[in-house]
Every structure is written in C-alpha cells, then in structure tokens.
Amino acid sequence: MNVQVSIDEALSAHGLIARGGFNFGPEENAPPGPSGMPARAAVLVGQAGASAWPHFLTWRERQPKDLRDPLDTWAREVIGAVASQVGARAVSPSDRPYMPFQQWAMRAEGLKPSPLGILMHPRYGLWHAYRGALLFDTETDTAAGEAAVHLCDTCVGKPCLKSCPVGAYSNAGFDHAACLGQVRSAISRRCMTLGCLDRNACPYGAPYRYPADMLAFHMTAFAA
Ligand code: B12
Ligand code: SF4
Ligand code: SF4
C-alpha cells in the first residue's frame with residue numbers, strides 16, 4: 001500500500017489535502033505516535049482556500065445547533081477516521097498543550113511567516129489553514145519541503161500592514177486586545193462581515209480567498 005496515495009485519497013473525500021510532512025530527528029521531543037512512543041514522522045493536513053468548507057457545512061446540518069467548536073469537532077472526526085485507515089494517530093491544532101503546528105508547517109512545506117504571522121504560501125497566499133496532523137511510528141518517505149518562494153520578501157509597500165483601523169499588526173507583533181476590541185465594537189462591523197482587513201489587503205492567492213460566510217464564521221469564533 002502506498003501510504004501517501006491512501007492519505008491523499010482519503011483526505012480528498014473531505015476537501016482536505018496533505019500539506020507535506022517530515023521525519024522527526026531521534027533527539028526531538030516528538031509527541032506520541034499511535035503506539036504511544038515518540039512519533040517518527042508527521043504529515044500535516046489542511047485546506048487550501050475554502051476546499052473543505054462545503055463538506056463541513058453538509059456535516060454541520062446533521063449536528064445539534066448548539067454544538068461547541070463545530071469545525072474542530074468535524075476535523076477531529078474526519079482526520080481521525082483517515083488516521084485509522086493509514087495506521088496513524090491524529091492530532092489537532094486545538095489540542096492542549098498546543099503543538100507547534102506552524103513550525104511543523106514551515107518544515108513540511110518550506111514556508112515562512114508573513115508580517116501577519118500567518119504563513120505565506122506561494123500559491124494560496126494567506127488563504128490556507130491546518131486542520132490536523134497524522135503522526136506515524138515509523139519514518140515516511142515524505143521529505144521535508146524545500147524553501148518555497150517567499151512573496152513577502154519582494155512585496156513593495158506591504159499593504160497588509162496598512163489596512164487595520166487599529167494597527168493591530170506591526171513589527172512588534174500582533175496586538176490581540178486591540179484587534180478584539182475593534183472586532184467586537186458596534187461602531188465597525190467590517191472585520192466581522194468582511195474578515196480581517198489586513199489579511200484581505202494582501203494581493204496574493206486571490207482565487208483561494210475565503211467566501212463571505214466562511215470569513216464571518218471564523219471572525220465570529222475569534223470574537224466569541
Ligand atoms: C493560540 C492561537 C492564536 C491566539 C494567539 C496567537 C499567538 N500570538 O500565539 C489568537 C487567538 C490571537 C490567534 C489568532 C489568530 N490565529 Co491562531 N492559533 C493559535 C494556536 C491554536 C496556538 C499557537 C501556539 O501557541 N502554538 C504553540 C507554539 C509552540 O507553536 P508554534 O508553531 O511555534 O507557534 C507559532 C505561532 O504561534 C506563530 N505566531 C505568533 N504570533 C502569531 C500571531 C498570529 C496572528 C498568528 C496567525 C501566528 C502567530 O509564531 C509561532 C512560532 O512560529 C495555533 C495552532 C497551533 N497549534 O499552533 C493557531 C494558528 C497559529 N492561528 C491561525 C490563524 C489563521 C489565526 C487567525 C489569523 C485566524 C482567526 N481568525 O482566528 C487569528 C489572527 C487574528 C485575526 N486578526 O484574524 C493559524 C495559522 C495558519 C497559517 N496559515 O499560518 C493556526 C496555525 C491555526 C490553524 N488551524 O491553522 N491564534
Ligand atoms: S501584503 Fe505583501 S508583505 Fe503582506 S502578506 Fe501579502 S505579500 Fe506578504
Ligand atoms: S480583524 Fe480587524 S481589527 Fe483585527 S487585525 Fe484584522 S483589520 Fe485589525
């Protein structure tokens with residue numbers, strides 16, 4: 001059985017994709033694999049643009065209205081099923097303590113962070129996310145990614161740092177409190193309905209931009 005083909009096929013049924021992988025070094029503090037021993041390899045799972053959104057919405061219709069954290073619940077369910085199929089253990093970006101998903105993603109696909117913290121992908125721009133990872137007891141032949149072209153390096157003017165009404169993103173990092181105050185304020189509903197204005201200002205990855213209902217879903221969760 002070719003594990004990579006099996007993973008790709010199983011994930012595509014849910015609009016999800018494998019986002020590269022890597023092998024853990026022997027000295028690394030890796031999380032447990034399916035056996036409970038430190039994992040030897042990881043394959044990242046995520047979405048490009050809104051690829052998984054219709055699958056999630058169809059599933060959501062069958063769930064109780066007051067279900068908490070529905071997107072995480074859906075992702076754990078479907079990625080957990082894929083993990084069983086391919087002999088892996090599934091983990092979620094929301095599992096506590098937080099696992100270093102962005103560090104893993106940088107390693108797996110050779111990406112670097114944008115000034116917003118979100119990783120910049122050469123094709124998807126800022127419009128992608130991680131929904132889980134598959135951890136294996138043995139090394140896989142999914143090689144760690146080579147450094148990808150980092151579009152932010154040559155971006156003139158960096159419009160992503162100029163659109164936020166409260167300047168929440170800066171060289172000093174992300175001002176979570178200022179952002180939250182703005183998002184929750186009754187004066188400006190723009191971030192709630194249109195999504196983060198700084199993220200929207202990036203010119204790359206336009207075909208992968210999230211649709212309005214998906215943006216609103218994420219902003220509602222962020223502001224809760
Ligand atoms: C806690 C958390 C937050 C917190 C605090 C972020 C912070 N300052 O660390 C808050 C609630 C503020 C937050 C916000 C957002 N987050 Co967040 N967050 C996380 C989470 C669950 C844990 C981060 C962590 O501590 N990891 C543990 C450390 C050890 O891992 P790490 O890889 O070294 O962590 C890196 C990140 O923390 C990153 N980082 C540091 N500061 C910031 C700030 C921002 C805004 C981001 C995106 C990343 C980031 O640098 C670290 C070193 O590489 C991760 C998932 C995960 N498990 O990593 C998502 C994650 C980093 N978030 C993500 C996203 C998309 C966002 C939002 C943009 C989306 C949203 N609407 O919720 C917002 C930004 C706000 C906005 N204006 O829209 C994505 C990034 C995906 C990508 N393409 O790169 C992740 C990976 C979740 C996912 N499912 O894909 N987030
Ligand atoms: S606007 Fe420019 S600097 Fe900002 S995320 Fe997009 S490419 Fe990177
Ligand atoms: S969501 Fe709105 S307030 Fe928060 S960083 Fe983006 S533009 Fe600024």
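Predicted model: local features only at pLDDT ≥ 70, side-chain atom pairs only at ≥ 80, totals over all residues.
Residues are numbered from 1 along each chain as its sequence is written, chains are lettered from A and ligands numbered from 1 in the order in which they are written, and side-chain values use heavy atoms, with hydrogens and water left out.

Let's start at Ser 114, in the loop between strand E4 (112–113) and strand E5 (119–120); helices (H or I, at least four residues) and strands (E, at least two) are DSSP runs, numbered from the N terminus. Ser 114 is buried, with a relative accessible area of 8%, where buried means under 20% (1.4 Å probe, protein chains only). Its side chain reaches the backbone oxygen of Ile 118 at 2.7 Å. Leaving aside residues up to four places away in sequence, Ser 114 touches Leu 119, Met 120, Leu 126, His 150 and Cys 152 (contact means heavy atoms within 4.5 Å).

Leu 119 turns up again at ligand 1, where a backbone N or O atom of Leu 119 lies 2.8 Å from an oxygen atom of the ligand. His 128 brings a backbone N or O atom to 3.1 Å from a ligand 1 nitrogen, and a polar backbone atom of Tyr 130 is 2.7 Å from a nitrogen atom of ligand 1. In total 21 residues surround ligand 1, with Met 99, Gln 102, Gln 103, Leu 119 and Tyr 130 the closest; a residue counts if one of its heavy atoms lies within 4 Å.

Over at ligand 3, the surrounding residues include Cys 164, Cys 179, Cys 191 and Cys 196. Helix H5 (176–184) and helix H7 (197–201) are the elements that give two or more residues to this shell, and H5 gives the most, with 3.

Finally, the largest pocket has a volume of about 1600 Å³. A pocket here is an open set of points on a 1 Å grid over the protein atoms alone, where a 1.4 Å probe fits, with protein on both sides within 12 Å along at least five of seven lines; lining residues have an atom within 4 Å of a point. The volume is the space filled by probe spheres set on the points, which are joined across faces, edges and corners. Of the 38 lining residues, Ala 129, Arg 131, Arg 199, His 218 and Phe 222 are closest to the centre. Helix H8 (212–223) is one of the elements that supply at least two lining residues, and H8 gives the most, with 6.

Methods
Buried < 20%, exposed > 50% of the residue type's maximum accessible area, 1.4 Å probe, protein only. Polar contact = N/O pair within 3.5 Å; in protein donor to acceptor, adjacent residues only side chain to side chain.
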